[in-house]
Amino acid sequence: MSVVGIYGGSFDPIHTGHAMVANFVAQCNIVDEVWLMVSRRNPLKNHSTLASDEDRLQMARLVAKGCRNVEVSDIEMTLPTPSYTINSLEALKRLYPDHQFKIIIGSDSLENFDKWKEASRILKEFGVIVYPRPGFPLPEREPEGMTFLTGAPEYGISSSLVREYIASGWNINYFVPPFVSDFIKAKKLYQ
């Protein structure tokens, strides 16, 4: 059975930190591959700044091409909104019964993980891989169903910061991969 790490998010835009996480997790021998799962709507986030679903999927595909064992899933684009992780995981399990799915979240998401729809079921039936984020230290004790990636390289960049820089006319080189920067410029996103 193949183990797939599901790294979900709005990826609005996908940035170097996202690429680093996907690439790192795909190579650290806890999953066979990582699927970037672009979400249509996160019920816990403001939606006013989202690029189109297709643009965000395309940016994720550009990043996946540069990473070993990283693919893109558009499953959430076929599901009703609002989008809940448990629904996406159930849909993936139905479509790919020969795969085991685990979700990948940043340590910053641990603060509100208990508010996620059916969080305890996600832990029990699927499992959670937690990537460290600056300012959000991993707890000392690893709860059952969670795997902490202690010692993984951390990044201090966010999509909201990238959008701010773009709107202010800043050069975003190195904040996003060059091919994503080219895509954003060509599509005139976030201006």
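**Entry 1. Salt bridges**

I started with Arg61, which forms a salt bridge with Glu54, and the closest N and O atoms are 3.2 Å apart. By salt bridge I mean a side-chain nitrogen of Lys or Arg within 4 Å of a carboxyl oxygen of Asp or Glu. I noted that this is a predicted model, where local features need pLDDT of at least 70, side-chain atom pairs count only at pLDDT 80 or more, and totals for chains, interfaces and linings use all residues. Residues are numbered from 1 along each chain as its sequence is written, and side-chain values use heavy atoms, with hydrogens and water left out.

Why look for such pairs? Side chains of opposite charge can pair when their charged atoms come close.

Next I checked accessibility. Buried means under 20% relative accessible area, exposed means over 50%, and partly exposed is in between (1.4 Å probe, protein chains only). Arg61 is partly exposed at 29%. Glu54 is also partly exposed, at 45%.

Then I looked up Asp108. Asp108 forms a salt bridge with Arg133, with the closest N and O atoms 3.4 Å apart. I needed the elements here: helices (H or I, at least four residues) and strands (E, at least two) are DSSP runs, numbered from the N terminus. Asp108 lies in the loop between strand S4 (99-106) and helix H4 (119-126), and Arg133 in the loop between strand S5 (128-131) and strand S6 (146-148), so the pair ties together parts that are 25 residues apart in sequence. Asp108 is partly exposed, at 27%. Arg133 is buried, at 17%.

**Entry 2. Asp12 and its surroundings**

Which residue forms a salt bridge with Asp12? It is Arg163, and the closest N and O atoms are 3.8 Å apart. Arg163 lies in helix H5 (residues 159-167) and Asp12 in the loop between strand S1 (2-9) and helix H1 (16-27), so the pair ties together parts that are 151 residues apart in sequence. Is Asp12 buried or exposed? Asp12 is buried, at 1% relative accessibility. Arg163 is buried too, at 18%.

I moved on to the peptide bond from Asp12 to Pro13. This bond is cis, with omega near 0°. Pro13 sits in the loop between S1 and H1.

Ser159 is in helix H5. Its relative accessible area is 13%, so I marked Ser159 as buried. What does Ser159 touch, leaving aside neighbours within four places in sequence? Ser159 is in contact (heavy atoms within 4.5 Å) with Asp12, Pro13, His15 and His18. I also checked Ser159 against Leu89: they are 70 residues apart in sequence and 24 Å apart in space, C-alpha to C-alpha.

**Entry 3. Helix H3**

I listed the buried residues of helix H3 (residues 85-95): Ile86, Ser88, Leu89, Ala91 and Leu92. What covers them? The cover includes S1, S2, strand S3 (70-73), S4 and H4.

I then looked at how H3 packs on H4. The angle is about 30°, and the axes are 10 Å apart. Axes here are lines fitted to C-alpha atoms, for helices over the stretch in contact, and angles run from 0 to 180 degrees between N-to-C directions. H3 and H4 are therefore roughly parallel to each other. Angles under 35 degrees count as roughly parallel, over 145 as roughly antiparallel, 65 to 115 as roughly perpendicular and the rest as oblique.

Which residues make the contact? From H3 come Thr85, Ile86, Leu89, Glu90 and Lys93, and from H4 come Arg121, Ile122, Glu125 and Phe126.

**Entry 4. Backbone notes**

I found that the peptide bond from Thr81 to Pro82 is cis, with omega near -5°. Pro82 lies in the loop between S3 and H3.

Where is Lys188? Lys188 is in the segment after helix H6 (178-187). Its phi is near 55°, a positive value in a residue other than glycine. Lys188 is exposed, at 60%.

Tyr190 is in the segment after H6 as well. Phi of Tyr190 is near 65°, again a positive value in a residue other than glycine. Is Tyr190 buried or exposed? Tyr190 is buried, at 13%.
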